[in-house]
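Try each task on the structure first, then read the steps.

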Amino acid sequence: MAVAAMIATSGCDPQPESQDAATSPSPAVSSATPTVGAASTAASTAADNAATVKACADIKKDIKDNASKIAKAEKIGPPAGHFAVSAQWAAGSVAILAHAIGANQAVTAASEKIQNEMMSLSDAYNTSADAKPSKKALEAAIKELDAACSAA
């Protein structure tokens, strides 16, 4: 408790401000606040949009790279190849999530669906050496990502 109290009060200045400074804000400060807030909001929106555009580009690249690696792993064939395919689906899903950080809500939600579908495929390949799971749900999630990226 003492540590928590010390941390909570460590940023506080024990000396009170003068009465004049505390009660009469300068007009320049109060009129400047809205423009600073507006500029800050615009800069934040631009940064969010840039992060979303970058996330979309990175995720689309991840999807292509993963498809190529999956194709190589599938050539190994059963029974051992299914472990390689499963591992690649899992690795691809992690890359998707890593690149979605900082994107807007729509892109993040779509990338989470892609990640979930990739993990489902990973599980299916891990369960059976002869697995041929459908990729329709993954393809639908990718289309959702494309739509979210187009709107960004």
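Which residues does Thr52 touch, not counting residues up to four places away in sequence?

**Solution.** Thr52 touches Gly102, Ala103, Asn104, Val107 and Ala152, with residues up to four places away in sequence not counted. Contact here means heavy atoms within 4.5 Å. Thr52 itself is found in helix α3. Thr52 is buried, at a relative accessible area of 2%. Buried means under 20% relative accessible area, exposed over 50%, and partly exposed in between, using a 1.4 Å probe and protein chains only.

**Ground rules.** This is a predicted model, in which local features need pLDDT of at least 70, side-chain atom pairs count only at pLDDT 80 or more, and totals for chains, interfaces and linings use all residues. Residues are numbered from 1 along each chain as its sequence is written, and side-chain values use heavy atoms, with hydrogens and water left out.

**Exercise 1. Find the disulfide: which residues does it join?**

Step 1. A disulfide is a covalent bond between the sulfur atoms of two cysteines. The cut-off used is a pair of cysteine sulfur atoms within 2.5 Å.

Step 2. Search the whole structure: 1 disulfide is found. The disulfide joins Cys56 to Cys149, with S to S at 2.0 Å.

Step 3. Cys56 lies in helix α3 (residues 27-74) and Cys149 in helix α6 (residues 136-151), so the pair ties together parts that are 93 residues apart in sequence.

Step 4. Check the hand. The torsion about the S-S bond of Cys56 and Cys149 is about -95°, so this disulfide is left-handed.

Step 5. Check burial. Cys56 is buried, with a relative accessible area of 6%. Cys149 is buried too, at 13%.

**Exercise 2. Describe how α4 packs on α5: at what angle do they pack?**

Step 1. Helix α4 (residues 81-100) and helix α5 (residues 105-127) pack at about 165°, with their axes 8 Å apart. Axes are lines fitted to C-alpha atoms, for helices over the stretch in contact, and angles run from 0 to 180 degrees between N-to-C directions.

Step 2. That angle makes α4 roughly antiparallel to α5. Angles under 35 degrees count as roughly parallel, over 145 as roughly antiparallel, 65 to 115 as roughly perpendicular and the rest as oblique.

Step 3. The crossing of α4 and α5 is left-handed. That is, the near helix is turned anticlockwise from the far one by less than a right angle; clockwise would be right-handed.

Step 4. List the partners. From α4, they include His82, Trp89 and Ala100; from α5, they include Thr108, Met118 and Tyr125.

Step 5. Sort the contact of α4 with α5 by class: 12 nonpolar, 9 polar and 1 charged residues. Ala, Val, Leu, Ile, Met, Phe, Trp, Tyr, Cys and Pro count as nonpolar, Asp, Glu, Lys and Arg as charged, and the others, Gly among them, as polar.

**Exercise 3. Look at Ala100: is it buried or exposed?**

Step 1. Ala100 sits in helix α4. Ala100 is buried, with a relative accessible area of 6%.

Step 2. Leave aside neighbours within four places in sequence. Ala100 is then in contact with Ala55, Ile59, Thr108 and Ser111.

Step 3. Ala100 and Ala55 are 45 residues apart along the chain, and their C-alpha atoms are separated by 5.4 Å.

Conventions
Helices (H or I, at least four residues) and strands (E, at least two) are DSSP runs, numbered from the N terminus.
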